[in-house]
Amino acid sequence: MDQRDNKRRQHKKKFGKFGGGRAGEPRPAGKAAAAGPKVATAWQRDAEWYDQIIGDEGGEYHRNVVLPGAMRLLGVQAGQHVLDVACGQGVLCRLLHKAGAEVIGVDASPKLIELARQRSDPAITYLVGDARDPSRLPAGHFHAAACILAAQNINPLAPAFEGVARCLAEGGRFVIVMMHPCFRGPKYTAWGWEGNDTQFRRVDRYLLPRKEPIVTHPGASPDKYTWTFHRPIQGYVKPLARAGLLVDAIEEWPSHKTSEPGPRAKAENSARKEIPLFLALRAVKMPGYSTPKTTDDLSEVSG
Ligand SMILES: C[S@@+](CC[C@H](N)C(=O)[O-])C[C@H]1O[C@@H](n2cnc3c(N)ncnc32)[C@H](O)[C@@H]1O
């Protein structure tokens with residue numbers, strides 16, 4: 001038995017049946033059960049392609065914007081326990097491990113988890129599991145948790161946030177990074193121009209939650225898609241608060257890119273700086289705090 005197998009055996013013992021009865025298979029519970037395998041399958045299918053574009057250290061946006069921002073907001077210290085929800089092939093987990101954290105990554109795609117293990121130090125624990133059913137992870141164990149570019153793939157969201165809240169220690173931080181829902185909502189937002197001097201972002205739909213198909217791998221399988229779930233910002237803050245996670249930071253991050261010289265470069269650079277690409281939220285676990293459920297729930301997408 002090599003070091004990796006040994007480490008995995010230790011964690012299997014420690015975290016018991018997380019991820020389901022059969023080793024490596026997600027086992028969503030209750031309401032989540034119906035939607036679970038569908039979500040997992042979409043990323044499962046394009047796992048190798050996704051792994052190639054992300055690599056060991058992340059794609060361009062990961063390296064320049066998302067990961068540095070997430071690490072700063074997480075503020076993890078050596079020795080702290082950190083959970084990465086929907087970790088994909090482990091790009092954030094590796095960075096957290098380098099910073100000295102004890103890291104567990106969870107993802108619904110067994111293939112991405114396998115690729116994460118191949119790319120990572122065996123000290124990082126990777127588990128196959130559904131973010132909407134993290135009930136088997138230890139309560140109050142983690143100093144911090146993250147969900148990077150994945151909240152918009154998860155529906156319903158409330159059980160995932162409740163699960164994170166349960167796993168966090170008091171005062172633990174939860175950082176979520178997503179495409180900015182105001183300006184980058186799927187299908188109904190787009191760039192436009194007034195002459196060569198003004199580039200604007202057109203937003204046709206924002207407030208009502210909806211789901212849209214997105215092609216995960218446009219090159220190889222343009223006919224195959226997964227769902228992305230659009231919610232307004234309050235659709236994140238409300239279920240966080242309901243789970244006892246109080247938002248203490250909102251950041252809006254623009255793209256790091258600049259245009260090649262040309263007649264529209266100035267306007268493009270200016271629009272890029274004004275209209276953010278990503279939204280980051282940080283919420284802190286406040287013991288005893290939770291807002292009551294209301295009827296105007298803009299976090300869950302039906303249908
Ligand atoms: C765009 S990828 C992001 C992965 C990673 N966080 C990153 O930054 O590279 C979205 C991920 O969400 C995972 N995912 C989607 N629904 C999930 C669920 N219900 N539970 C756990 N993971 C899920 C997918 O398997 C996929 O790895």
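1. Axes here are lines fitted to C-alpha atoms, for helices over the stretch in contact, and angles run from 0 to 180 degrees between N-to-C directions. Helices (H or I, at least four residues) and strands (E, at least two) are DSSP runs, numbered from the N terminus.

2. Before going on, please keep in mind that this is a predicted model, in which local features need pLDDT of at least 70, side-chain atom pairs count only at pLDDT 80 or more, and totals for chains, interfaces and linings use all residues. Residues are numbered from 1 along each chain as its sequence is written.

3. Which residues make the contact between α4 and α5? From α4 come His 62, Leu 67, Ala 70 and Met 71, and from α5 come Val 91, Leu 92 and Leu 95; contact means that C-beta atoms, placed from the backbone, lie within 7 Å. By class there are 6 nonpolar residues, 1 polar and no charged. Ala, Val, Leu, Ile, Met, Phe, Trp, Tyr, Cys and Pro count as nonpolar, Asp, Glu, Lys and Arg as charged, and the others, Gly among them, as polar.

4. Now look at the sheet: 7 strands form an open sheet of mixed pairing, in the order β3-β2-β1-β4-β5-β11-β10. Two strands pair if DSSP finds at least two bridges between them. At the edges stand β3 (125-128) and β10 (245-253), each with a single partner strand, so one side of each is left without a neighbour in the sheet. Neighbouring strands are turned by 15° against each other on average, direction ignored.

5. Within this sheet, β1 (residues 81-85) and β4 (residues 142-148) run parallel and are joined by 3 bridges. Leu 83 has Ala 145 in β4 as its bridge partner. Helix α5 packs on the sheet, touching β1, β2 (102-107) and β4.

6. Two loops deserve a look. Ala 86, in the loop between β1 and α5, has a positive phi of about 60° although it is not a glycine. Pro 156 lies in the loop between β4 and α7 (158-167), and a cis peptide bond joins Asn 155 to Pro 156.

7. Finally, 19 residues surround the ligand, Ala 86 being one of the closest; each has its C-beta atom, placed from the backbone, within 6 Å. This shell divides into 13 nonpolar, 3 polar and 3 charged residues.

Conventions:
Two residues are in contact if their C-beta atoms, placed from the backbone, lie within 7 Å.
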